[in-house]
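Please open the structure in your viewer and keep the selection tool at hand, as this tour moves from one part to the next.

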Amino acid sequence: MQRREFLKSTFVTGVGLLILPGGARAGRNSPGNKLNIALIGTWGRGEAHFDAIGSENVVALCDVNEDHLAFGAKRFPGAKTYIDWRKLLDDHKALGLDAVVCCTADHTHAFIANWALNRELHVYMEKPLAISVEEARVVRANWLKRKNKLATQVGMQRHANPNFNRILELIRDGAVGELQAAYAWGNRQIRRPGYLPAAGAPPANLHYDLWLGPSPDHPYNPGYFSGGPGANCLQWNMYWDFGAGQIGDMGSHTMDLLWNAVDAKLPTSAEAKGEKFNPDVTPVECESHFDHPANDWRGPIRVHWYQGGLMPNSPPNYDLNKIDHGAMFKGTKGFLVAGFDSRVLLPLGDNADMTYYKPRPQDKMLPPIGDFQQQWINACKNPSLKTACDFEYSGDMIEQMLLGLVAYRVGKKLEYDGATGRVTNVAEANELLRHTYRPGWTLNG
Ligand SMILES: NC(=O)c1ccc[n+]([C@@H]2O[C@H](COP(=O)([O-])OP(=O)(O)OC[C@H]3O[C@@H](n4cnc5c(N)ncnc54)[C@H](O)[C@@H]3O)[C@@H](O)[C@H]2O)c1
């Protein structure tokens with residue numbers, strides 16, 4: 001807007017104070033073009049967002065732990081504070097809210113994402129986006145309806161590492177020949193026997209019932225809250241009602257390394273195996289395998305995920321065990337092995353001369369993403385800008401991984417119809433695509 005037009009649409013007092021017309025007190029339509037942001041989860045991972053959102057207007061904070069809320073309020077003293085995210089989102093109009101950044105426990109992610117989208121708010125959601133197939137599908141559908149006006153990003157910030165672009169280029173440009181299969185693995189192993197036993201009443205600063213939120217009831221135990229800042233998720237994310245184990249933890253980052261390059265949507269089948277099923281705790285050792293149809297640049301491929309020490313077979317003359325969290329791409333001409341910051345091309349056969357591979361010229365290389373959180377902030381302000389890990393890309397990826405957990409539980413190969421979100425050959429698998437919630441909590445509210 002030209003300055004003259006802008007001034008026409010506002011009232012200017014003698015001392016230069018601007019009073020904006022009805023409701024547009026601040027926020028993305030204000031002169032500074034700053035977003036009005038709410039941060040839900042104000043400690044731990046939440047702190048990693050302080051600087052990124054500190055350049056905007058942080059108007060509301062929410063945490064179920066009053067000490068953690070005070071920690072956030074110290075950095076953003078002007079923000080209104082809440083202990084229940086539903087109340088905060090109900091107040092979105094009064095707050096003039098534009099956007100939400102969410103760093104809560106995984107079992108609340110899809111709820112908060114849906115509630116925020118349904119109130120026309122931009123969302124940055126820490127990974128994982130969801131912990132059941134149904135949750136992933138509902139969030140993605142809610143965003144797709146609004147994709148031209150709302151910006152979304154899942155906290156898979158390693159995606160901004162230039163290595164992700166370089167891997168994609170190598171695969172698309174034929175460095176391994178025709179892509180046939182892709183593998184990702186993660187070697188974090190955190191073993192727990194079961195939900196923690198009852199251990200007295202929660203401390204006065206912790207609203208434990210709100211922390212449980214939609215989860216079925218489990219007694220309080222301080223063990224769920226005994227981790228350091230940004231790592232406390234490792235105290236609860238392996239339990240079925242609170243997370244998805246390593247799939248939602250490091251798996252979200254590691255599968256992203258693969259997902260970015262293979263350009264896949266939903267799989268047509270899933271099969272998996274692993275350690276003995278524990279009704280309380282997600283498996284440590286597990287491997288899952290998926291079929292993906294051909295697309296316009298490659299034939300059909302198999303996608304594989306390994307965790308908890310299980311590994312794909314190493315290619316000739318290379319030991320994959322050197323990489324704790326990595327990906328491998330297998331093609332007709334060779335292998336590409338990658339970590340978050342590394343990549344190694346392994347052509348097949350002693351005579352391989354790489355003449356089949358035509359590297360793209362410098363001016364055709366993918367541009368850097370830059371700062372990952374800023375990419376989302378920019379897209380909130382300008383709907384024509386895209387984010388790398390929006391709720392479609394990330395929703396498809398986590399839906400596949402969560403379908404793998406269902407295949408593990410059922411112990412059969414599942415045929416999957418991505419259009420309807422139904423398993424077509426094993427009726428009981430469909431029961432496991434969704435979670436059961438405590439009465440009073442609405443996923444799509
Ligand atoms: N992107 C990354 O690299 C990365 C790194 C660490 C954690 N994470 C993700 O961030 C999230 C938080 O992890 P963490 O280790 O900080 O966990 P945490 O248990 O410390 O929780 C973070 C904060 O959220 C608050 N909280 C939890 N549930 C809430 C609710 N329903 N409403 C409001 N506040 C709530 C907690 O009290 C705490 O202050 C997890 O989903 C985790 O997967 C991402």
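A residue is called buried if 20 or more other C-beta atoms lie within 10 Å of its own, exposed if 12 or fewer do, and partly exposed in between, with C-beta atoms placed from the backbone. Helices (H or I, at least four residues) and strands (E, at least two) are DSSP runs, numbered from the N terminus. Residues are numbered from 1 along each chain as its sequence is written. What you see is a predicted model, in which local features need pLDDT of at least 70 and side-chain atom pairs count only at pLDDT 80 or more, while totals for chains, interfaces and linings use all residues.

Select strand S14, residues 334-338: five of its five residues are buried, so the strand is largely enclosed by the rest of the structure. Gly334, Leu336 and Ala338 point one way from S14, whereas Phe335 and Val337 point the other way.

Strand S13 (residues 325-331) runs antiparallel to S14 and is joined to it by four bridges, with Phe329 opposite Leu336; the two strands form a hairpin with two residues between them. Strand S15 (residues 343-347) is also antiparallel to S14, through five bridges, and in S15 the bridge partner of Phe335 is Leu346. Here the hairpin between S14 and S15 has four residues as its link.

Now turn to the open sheet of six strands, whose order is S5-S4-S3-S6-S7-S8, with parallel pairing. Strand S5 (80-82) and strand S8 (152-154) stand at the edges with a single partner strand each, so one side of each is left without a neighbour in the sheet.

Which residues touch the most other members of the largest nonpolar core? Such a core is a set of buried Ala, Val, Leu, Ile, Met, Phe, Trp, Tyr and Cys residues joined through C-beta atoms within 7 Å. Leu402 and Val406 do, among the 106 residues of this core, and helix H12 (residues 393-410) gives the largest share, eleven residues. In soluble globular proteins, nonpolar side chains tend to be buried together. A second, separate core of twelve residues includes Ala105, Trp211, Tyr224 and Tyr239.

Definitions and conventions
Pairing = 2+ DSSP bridges.
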